[in-house]
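This briefing is intended to be read beside the sequence and the three-dimensional view.

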Amino acid sequence: MSEAVVPSSSPDPGEVADAVATSGPFESVDQVVEALREHGYIADTRLATTVFLLTRLDKPLLLEGPAGVGKTELAKMLAVATGRRLLRLQCYEGQDETKALYEWDYGKQLMYTQILREKIGQVVEDAPDLASAVERVGSQESVFFSERFLAPRPLLEAIRSDEPCVLLIDEVDRADEALEAVLLETLGEYQISVPEVGTFTAKHRPYVLLTSNNTRDLAAALKRRCLHLFLDYPSAQRELEIVRSKKTGLSDQLAEELVTVVRGLRELELRKSPSISETIDWARTLAVLGVDELNSQILSDTVSVVVKYDKDVKKALDAIPHLVDPNAVVEEHGHGHGHGHGHGHGHGHDGDHTHDDEPAPAPKAAPARPAASDDPDDGDVDGRAKRAGKDEPGRHPIYGGVTAGGGSTKPRNVSSGQGSRSFGGSRRRPV
């Protein structure tokens, strides 16, 4: 039985392992943490471990998670920490491969054609017929489809780069699925094929980071080629550390209180929860305003820095007082006057108060005229005589059809529609 022959060009597995173990800008996970921290990015051990593996295994890293948790910023800081050039492909709906890979510079090709018109004429001037002339021009076609006229886009630029770089493919979930198919060759083989020219293979494999906000599921083939990490909102302590590291100008105590408020807002059912970058913006806003104490008023006035939708703002405004002070008592809106309770009551004068959201009660009678005797023991045990006195004709202008001057008046006919409008049957309470 013949033995399998291993080509001499194949690397020894031990040599590959040694190369992997010694290559990379970082010696340990702790060094990743410190290097990123020096440039203002606070990474936990889990994230730092993933970045360390990215630099050692030469595999792309797919970062998924909500917007504003530091996915894009990680790529920027990794480029700074490693001294590499950053190349960014911003994905969007309807993007095709020409915007991601390369395009032919047709304007440049046309300009060269005009310049070389005389030379082309010399090439075909002694051609016996048209077919021969076309053949001679066709033989020179490769001149106009060479790297000279190739306009590289971020993917091809990263592969052709003469120096190491960091390639950021941002918000890949926004692009069409066709772009994912284009990425498979680039991410799997670190090469790009151009039919008119050939295949370009990376001289220096770039550190590739892909980000996704989870607006759609990505293909399994794409995920299989990548390291994966779901980047969520950080813990309270780490978020506070991030805010402090950005030197917002807000005191440590107020920054801690602000982080607590932001985390409370994230627990609401908002269309878009406040991101870490928006927390930093809010801290800077409060510092610019010279705030030395967090209260419901200043937070309500500036909440639009972190909450960007109208319905979310309303929910945030309702929640802020309790987030600032869990024991706060918030006055109920909708009361017609400022007495702090919601039931009818007398004021000791002839006018009666009514609420817009309930039918008006019958007018209250004025205090009864004194009976023959004001003595409690005047024999009127059940008060019938006093009640009868209240119904005396002429006592009130509209009672009994007699006016105060003794004239008669007829009650007006009021339709049901007028009544509902008068007594607020369909109106909301004023806020």
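The notes below describe a predicted model and are grouped by topic.

The largest nonpolar core has 54 residues, and a further core of 33 residues lies apart from it. The count of salt bridges comes to 13. Strand 5 is mostly covered, with six of its six residues buried.

**Strand 5 and its neighbours**

- Cys165, Leu167 and Ile169 point one way from strand 5, Val166, Leu168 and Asp170 point the other way, and all of these residues are buried.
- Strand 5 pairs with strand 2 in the parallel sense, over six bridges.
- Within that pairing, Asp170 in strand 5 is the bridge partner of Gln90.
- Strand 5 is also joined to strand 8 (residues 207-212) by four bridges, and these two strands run parallel.
- Leu167 stands opposite Val208 in strand 8.

**Nonpolar cores**

- Leu209, Leu258, Trp282, Leu286 and Leu299 are the residues with the most contacts inside the largest core.
- Helix 14 (residues 252-266) gives the most to this core, contributing seven residues.
- Setting aside residues up to four places away in sequence, Trp282 touches Leu258, Val261, Val262, Leu265, Leu299, Thr302, Val303, Val305 and Val306.
- The core of 33 residues that lies apart from the largest one includes Val182, Leu183, Ile192 and Cys226.

**Salt bridges**

- Glu241 and Arg37 meet through their side chains in a salt bridge, with an N to O distance of 2.4 Å. Because Glu241 lies in helix 13 (residues 236-245) and Arg37 in helix 2 (residues 29-38), the pair ties together parts that are 204 residues apart in sequence.
- Glu241 has a relative accessible area of 28% and is therefore partly exposed; Arg37, at 34% relative accessibility, also counts as partly exposed.
- Arg88 forms a salt bridge with Asp170, and their closest N and O atoms are 2.7 Å apart. This pair links distant parts of the chain, with Arg88 in strand 2 (residues 85-90) and Asp170 in strand 5 (residues 165-170), 82 residues apart.
- Arg88 is partly exposed, with a relative accessible area of 38%, whereas Asp170 is buried, with a relative accessible area of 3%.
- Glu278 and Lys308 form a salt bridge between their side chains at 3.0 Å, N to O. Glu278 lies in helix 15 and Lys308 in the loop between helix 16 and helix 17 (310-324), so this pair ties together parts that are 30 residues apart in sequence.
- Glu278 counts as buried at 7% relative accessibility, while Lys308 counts as partly exposed at 46%.

**Asn295 in its loop**

- Asn295 lies in the loop between helix 15 (276-288) and helix 16 (296-302).
- The relative accessibility of Asn295 is 30%, so this residue counts as partly exposed.
- The side chain of Asn295 reaches the backbone nitrogen of Gln297 at 3.1 Å.
- Asn295 and Val324 are 29 residues apart along the chain, and their C-alpha atoms are separated by 6.5 Å.

Methods:
Residues are numbered from 1 along each chain as its sequence is written. This is a predicted model: local features need pLDDT of at least 70, side-chain atom pairs count only at pLDDT 80 or more; totals for chains, interfaces and linings use all residues. Side-chain values use heavy atoms; hydrogens and water are left out. Buried means under 20% relative accessible area, exposed over 50%, partly exposed in between (1.4 Å probe, protein chains only). A polar contact is a pair of N or O atoms within 3.5 Å; within protein, one must be able to donate a hydrogen and the other to accept it, and residues adjacent in sequence count only if both atoms are side-chain atoms. A salt bridge is a side-chain nitrogen of Lys or Arg within 4 Å of a carboxyl oxygen of Asp or Glu. A nonpolar core is a set of buried Ala, Val, Leu, Ile, Met, Phe, Trp, Tyr and Cys residues joined through side-chain atoms within 4.5 Å. Contact means heavy atoms within 4.5 Å. Two strands pair if DSSP finds at least two bridges between them.
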